Amino acid sequence: NESNSTGLEGDPDLQFLLDGGKLIKIRSSSWQKSRFYKLEEDCKTLWHESHKIFKRNQTFSIDDIDSVRKGRQSEGFLKHTDPSVEDRCFSIIFKGRKRNLDLMANQGHEAKQWVSGLEKIINNMHNLSRQQKSEHWIFNCMRKADKNEDNKMTLKELKHFLRQINVEVDETYAADLFKKCDKSNSGTLEGSEIKHFYDLLTHREEIDVIYGKYAQTEGQMSARDLLNFLLNEQREQVSMQDALKLIEKYELDGTAKEKKHMTKDGFLMYMHQEEGSILNPKHKHVYQDMSQPLNHYFISSSHNTYLMEDQLRGPSSTEAYIKALMKSCRCVELDCWDGPNGEPVIYHGYTLTSKVLFRDVIKAVKDYAFKTSDYPVILSLENHCSVDQQKLMAHHMIAILGDALLTKPLGDTLPGNFPSPEELKGKFLIKGKRLNKLDAIFNNNSTVDEDTVSEEDEAAESKEGEQKTKSKKSKIKLARELSDIVIYCKSVHFNGFEHAKDNQAFYEMSSFKESKAFSLAQNSATAYIHHNMDKLSRIYPAGSRTDSSNYNPVPMWNVGCQIVALNFQTPSKEMHLNQGRFLQNGLCGYILKPGFLRSFSSQFDPSTLTKGPWLQKKTCHIMVITAQQLPKINKDKHKSIVDPLVRVEIYGVPADNASKETHYIENNGFNPMWNENFQFDIQVPELAMLRFVVEDYDSTSQNDLIGQYCLPLTSVQNGYRHVPLLTKRGDIISSAGLFVHLMLIDAE
């Protein structure tokens with residue numbers, strides 16, 4: 001029984017999962033069937049019976065689970081079950097596109113135990129260090145390759161195993177490796193021989209060299225040796241105390257630990273943890289000043305949040321809101337239309353996308369808005385509803401969001417500026433039309449109950465021009481109740497920067513279609529930057545992007561636009577950049593803009609780069625050394641192997657944009673070594689992003705993406721660093737990584 005490796009042995013929840021039990025799987029109101037589910041002995045796989053002809057037994061890996069939700073928290077449950085079974089229900093949400101699993105236990109306490117057991121196992125897997133994960137991975141693969149399950153491996157099984165882990169070896173090499181390990185000459189490997197084989201396989205030449213250079217004490221690293229490494233190679237500002245802490249934390253060998261030494265295994269362990277990662281661990285938490293006005297931050301923002309796929313036929317879903325909010329998105333969009341039975345719905349107007357109730361979306365948003373970040377969430381309303389349904393929208397928001405909904409300005413006097421993210425923690429702000437200025441709140445003057453306002457261009461134009469029949473500026477009647485809860489984000493039409501300066505209050509904000517925004521950024525950058533110093537701007541993708549593709553957000557951030565809305569549902573380079581931009585500051589969805597995008601004296605223009613505080617010229621030296629355990633992309637091709645190459649990209653002001661790539665290495669995704677040096681000259685580091693892309697080279701077609709990672713240049717640690725790799729969707733590939741050497745130095 002391998003459950004011991006989980007560190008949960010003897011745990012009643014774990015035992016409950018290992019014993020398993022019957023659960024009702026719910027697909028629709030009529031498809032609700034009882035199935036047996038249990039955790040397999042490896043504690044990494046869930047098995048369930050299946051009644052499909054070809055798939056009698058089905059399994060999925062615990063690693064594929066994104067989260068487990070207790071209660072009727074999925075669309076399926078809400079549609080197909082009665083509220084009375086609330087406590088018996090739970091959902092398993094998967095990473096990527098796999099559909100949710102809605103399950104119902106016989107009793108409430110059983111559902112509770114399933115959820116707490118699964119959560120324990122999931123958290124436990126997350127906590128296993130990357131080093132242990134790769135061990136997991138190796139032994140897991142060995143088991144898969146051991147065809148006759150006798151815990152011994154023949155040469156044939158060994159070769160199958162090597163292919164599983166992405167290494168093609170020629171006959172002689174495979175035989176040599178086998179002989180070297182088969183001490184007992186039995187024609188099979190077992191126990192310690194497999195361990196020896198594993199050691200040969202996980203051997204890291206480059207780590208040997210680095211360790212060897214600094215291990216000056218009885219063949220090991222003393223604390224002083226480790227400190228020398230940290231100061232000379234990693235360029236860290238650390239003391240003897242820090243070196244001792246690392247030994248205490250990562251050394252595996254008891255004798256070495258007593259001597260305050262670090263062995264090579266301990267060193268490798270340290271190199272794989274956050275201290276050895278490319279991302280500065282200090283930036284993993286909220287470390288920026290969060291008390292500046294709201295418009296001084298970049299805000300992680302989603303466009304057409306309700307869509308799961310494309311803009312013409314895809315499903316609309318509350319699930320899409322949950323996914324975006326759980327990725328710390330802080331501005332979501334609600335496209336509101338009149339629905340049946342007087343209930344407003346959300347969908348992509350004039351298209352075949354499915355509809356979802358406005359009320360259900362607000363409930364989902366309330367439940368998930370502050371799970372990953374406490375900072376405020378902006379609900380951007382695109383309102384196409386009749387006055388009656390608008391009143392209902394306001395009613396739902398007030399009733400469901402309660403105190404969390406901001407319904408009046410903070411303080412007792414008319415504000416002259418935005419409150420800070422800190423002051424707005426846990427609050428929802430509504431972005432939409434308002435009938436009057438905020439002054440009205442303080443002047444006690446009640447305007448007419450409802451009035452006609454001109455519909456914002458955005459709502460009218462951005463929907464693929466389906467409604468060409470309507471007049472260009474259709475008018476819409478606005479309900480007083482809805483108007484009154486728009487406080488700091490009042491939508492107004494943009495009539496030029498001069499007009500905005502003279503006529504717009506700070507809380508009056510415009511939305512710009514990408515083409516308009518790019519043109520302003522190109523031709524009036526400094527004016528745009530100044531506009532964004534006291535107002536908010538929202539950018540959204542062109543209506544012609546019916547495939548939900550994205551535009552490059554970087555030029556928009558370069559001119560200080562805060563709400564750069566992207567299609568979160570589309571895995572794309574643009575979303576990788578967004579994920580990288582918001583990776584730091586505790587993944588809270590708010591990043592403080594550089595000083596030169598906040599200071600009124602600034603004359604910054606990203607294209608011309610005149611002298612100023614933004615110019616902090618740096619030279620960035622990057623050596624791409626090796627990669628580890630790159631996954632196979634084409635799993636179907638039985639003999640598929642990987643020919644990896646690495647591309648290093650810089651995104652920032654136009655002068656800093658650059659891209660360089662290594663040669664490709666044939667037939668080795670397991671431990672390819674490049675040792676290639678690149679140099680980048682950086683003018684404006686505070687706006688620069690660094691992105692690593694690993695691709696599988698293909699001479700006949702486009703290269704396939706293996707993994708990628710993006711982070712702000714200001715969050716990079718110098719020295720020898722491991723770079724985690726993420727899938728196209730942005731999920732971590734647990735056992736894969738890049739190993740690089742970086743040096744970011746002030747240019748002469």
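At what angle do the axes of helix α14 (residues 358-368) and helix α15 (residues 387-401) cross? They cross at roughly 25° and come within 10 Å. This is a predicted model, in which local features need pLDDT of at least 70 and side-chain atom pairs count only at pLDDT 80 or more, whereas totals for chains, interfaces and linings use all residues. Residues are numbered from 1 along each chain as its sequence is written, and side-chain values use heavy atoms, with hydrogens and water left out.

**Overall architecture**

- The protein has 23 helices and 32 strands, taken as DSSP runs numbered from the N terminus (helices H or I, at least four residues; strands E, at least two).
- Of its 748 residues, 56% count as buried (under 20% relative accessible area with a 1.4 Å probe, protein chains only; exposed is over 50%, partly exposed in between).
- Among contacts (heavy atoms within 4.5 Å) with a separation of 6 or more, 67% join residues 24 or more positions apart.

**Helices α14 and α15**

- Axes are lines fitted to C-alpha atoms, for helices over the stretch in contact, and angles run from 0 to 180 degrees between N-to-C directions.
- α14 and α15 are therefore roughly parallel to each other (under 35 degrees; over 145 is roughly antiparallel, 65 to 115 roughly perpendicular, and the rest oblique).
- α14 passes α15 in a right-handed crossing (the near helix is turned clockwise from the far one by less than a right angle; anticlockwise is left-handed).
- Phe358, Arg359, Ile362, Lys363 and Lys366 of α14 meet Met393, His396, Met397, Ile400 and Leu401 of α15.
- By class, this contact has six nonpolar, one polar and three charged residues (Ala, Val, Leu, Ile, Met, Phe, Trp, Tyr, Cys and Pro are nonpolar; Asp, Glu, Lys and Arg charged; the others, Gly among them, polar).

**Helices α9 and α10**

- Helix α9 (residues 223-232) packs with helix α10 (residues 240-250) at about 110°, their axes 9 Å apart, and the two are therefore roughly perpendicular.
- α9 also passes α10 in a right-handed crossing.
- Ala223, Arg224, Leu226, Leu227 and Leu230 in α9 meet Met240, Ala243, Leu244, Leu246 and Ile247 in α10.
- The residues of this contact divide into nine nonpolar, no polar and one charged.

**Helix α13 and its ends**

- Seven of the nine residues of helix α13 (residues 318-326) are buried, namely Thr318, Glu319, Ala320, Tyr321, Ile322, Ala324 and Leu325.
- Ser317 caps the N-terminal end of α13, with a side-chain oxygen 2.8 Å from the backbone nitrogen of Glu319.
- Just after α13, Ser328 adopts a positive phi of about 65°.

Definitions and conventions:
Polar contact = N/O pair within 3.5 Å; in protein donor to acceptor, adjacent residues only side chain to side chain.
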